[in-house]
Amino acid sequence: MPSPFAPTALIGESFVGEGANAAHTNVVIGRKGGPVETAWATALATPSAGHVPFLTIVRPSVPVKPLTLFVTKAAADGELHQRATWGSAQAGLAQGVTDAVRDGLLPAEEADDLLIIAAIWVNPAVDDLDVSFRNQRSAAYGAVRAAVNATPTVADVLAIAEEGPANPFYAPTSEALAR
């Protein structure tokens, strides 16, 4: 009998887009009955002010499979940011996970035995729900792909680190990088 998919936690990350409509997604994928289920249930049962984890749905009363917990990285602030968080970003996450199942990254036959925790960044300055959806869909898929394929590798990280760290919020100068 082949080993089950994701016998332990798989972790992935993806950043897609630019500016206020960019999506940054971190995922943890694991099996029911393991540590990911404990973390999943604990997160769902212990919300904090402004950070209320919720079950990701494809449509009302139709949760995505594998069951996916949406954990906000930014408290929803203002009507458009709320619509993006609970609307376009949630829909993008649901579609990205569904795409991963449809494409075979996540085995459909084991979807009921798996759980996903997704930590999602939606910028409070978001200004386009359709771009937010597209970016989140791509980021969700990319994070699942990274988790399943265990990428980037350590060699990839070391090679990229030669140029120095950088992210959309900061890139050190060559003077700051000097040791």
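A: What follows begins with the fold and then turns to the salt bridges.

This is a predicted model, in which local features need pLDDT of at least 70 and side-chain atom pairs count only at pLDDT 80 or more, while totals for chains, interfaces and linings use all residues. Residues are numbered from 1 along each chain as its sequence is written, and side-chain values use heavy atoms, with hydrogens and water left out.

The protein has five helices and seven strands, where helices (H or I, at least four residues) and strands (E, at least two) are DSSP runs numbered from the N terminus. Read along the sequence, their order is β-β-α-β-β-β-β-α-β-α-α-α. The radius of gyration, taken over C-alpha atoms, is 17 Å, close to the 16 Å that the globule rule (2.2 Å times the number of residues to the power 0.38) gives for 179 residues, so the protein is as compact as a globular protein of that length.

Side chains of opposite charge can pair when their charged atoms come close. A search of the whole structure finds five salt bridges, each defined as a side-chain nitrogen of Lys or Arg within 4 Å of a carboxyl oxygen of Asp or Glu.

One of them joins E110 to R31, with the closest N and O atoms 2.7 Å apart. E110 lies in the loop between helix 2 (79-102) and strand 7 (114-122), and R31 in strand 2 (residues 23-31), so this pair ties together parts that are 79 residues apart in sequence. Both E110 and R31 are buried, that is, under 20% relative accessible area, with exposed meaning over 50% and partly exposed in between (1.4 Å probe, protein chains only).

R31 also forms a salt bridge with D113, where the closest N and O atoms are 3.8 Å apart; this pair too links distant parts of the chain, strand 2 and the loop between helix 2 and strand 7, at a separation of 82 residues. R31 counts as buried at 18% relative accessibility, whereas D113, at 37%, is partly exposed.

D112 lies in the loop between helix 2 and strand 7, and K65 in the loop between strand 5 (62-63) and strand 6 (67-72), so the pair ties together parts 47 residues apart in sequence. D112 is partly exposed at 47% relative accessibility, and K65 is partly exposed at 39%.
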